[in-house]
Amino acid sequence: AITWLKQHRDPKRPFLLSVWTHEPHYPIKSAPEFKALYPDVADDVQREYYANVTQLDHSFGQLMQALVELRLGEDTLVIFTSDNGPEGDGIKTPGRGSTGGLRSRKRSVYEGGIRVPGIVRWPGVTQAGSTSDVPVIGSDIFVTVATLAGAQLPADRVLDGGDFLPALQGRPVERARPLYWRCVIAPESLKVAMRIGDWKILGDEAMSRFELYNIQRDPGETSELGAREPGKFAEMKRALLELNSEIEAEGPTWWKTYDSGARQKKGPAKN
């Protein structure tokens, strides 16, 4: 990425640079110099993980320094985020990251599987050290960047994301469709989730069993509110069924032959 910035980028044109790192995905292996930074961590699995995150931090710091050297640091929007919660169950495979008390982990549609770090650096727009609890999602990035660049959004397809720039000032994001997650290999029976405001509903693949939570008050998803909030439960269930049907109608069909218990496809995937 740094080589591209310094040698191949057209300095007269704006740029979009996406950098996808392997760290700290399995298999986790860190350079010795980063493991040496944690001599007091006796558990080698834990030390390898700490070193791996530090290794990623170091690499990203080099990229940020390159922006500064090229005098791009003050005129570049930087988005840093992850794709899912930590791997493993935290018990049999400890030391692979913490959810901070959120429920479940990677592959789950509970918060421990889908809530991840998100950092935005944009001098002159974002205030250093400020935080926001406005929820955003990966599909917002496309709409946000296109809007920022002055590009006309395509009108011939459904756009799931929204412009998240208001969230940088603590204001809500305007959405045509709610936040939505789906993972057919989730370890729990609930594979689909949708959030509107502070409310989140989860459903199984058959759309026959549901759980309702107020995420703002209960981020750990410890108190299921379906029975105590029948009106809100009915409202959220209706919205989830409608959105899920719309997505299924538009999407591919190979997942319908996916045996989530055996973790394998019965038929070939069609792109």
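**Notes on the model**

1. From the N terminus onward, the elements of the chain follow the order α-α-α-β-α-β-α-β-β-β-β-α-β-β, which comes to six helices and eight strands. The model is a predicted one, and this order should be read with that in mind.

2. On confidence, the chain has an average pLDDT of 91, with 92% of the residues scoring at least 70. Over residues 263-271, however, the pLDDT is below 50, although this stretch has 15 contacts in the model beyond near neighbours in sequence.

3. As to overall dimensions, the C-alpha atoms fill a box of roughly 55 × 50 × 45 Å along the principal axes. The chain exposes about 16,700 Å², of which carbon and sulfur atoms supply 53%, while buried residues account for 34% of its 271 residues. Of the contacts between residues at least 6 apart in sequence, 49% join residues at least 24 apart.

4. Helix H3 (residues 44-69) has 26 residues and should span 38 Å at 1.5 Å a residue, which agrees with the 37 Å between its end C-alpha atoms. The buried residues in H3 include Glu48, Tyr49, Asn52, Gln55, Leu63 and Met64, and what covers the buried residues of this helix includes H1, helix H2 (32-35), strand S1 (78-81) and strand S2 (118-121).

5. Trp4 lies in helix H1 (residues 2-8) and counts as partly exposed, because its relative accessibility is 31%, a value between the 20% and 50% cut-offs. Together with Leu17 and Val19, Trp4 makes a nonpolar surface patch of about 230 Å².

How values were computed: Residues are numbered from 1 along each chain as its sequence is written. This is a predicted model: local features need pLDDT of at least 70, side-chain atom pairs count only at pLDDT 80 or more; totals for chains, interfaces and linings use all residues. Side-chain values use heavy atoms; hydrogens and water are left out. Patches are made of residues with over 30% relative accessible area and no salt bridge: like charges are joined within 9 Å, nonpolar side chains (Val, Leu, Ile, Met, Phe, Trp, Tyr) within 5 Å. Accessible areas come from the Shrake-Rupley method with a 1.4 Å probe; for residues, only the protein chains shown count as cover. A salt bridge is a side-chain nitrogen of Lys or Arg within 4 Å of a carboxyl oxygen of Asp or Glu. Helices (H or I, at least four residues) and strands (E, at least two) are DSSP runs, numbered from the N terminus. Buried means under 20% relative accessible area, exposed over 50%, partly exposed in between (1.4 Å probe, protein chains only). pLDDT is the predictor's confidence in each residue, from 0 to 100. Contact means heavy atoms within 4.5 Å. The expected span of a helix is 1.5 Å times one less than its number of residues.
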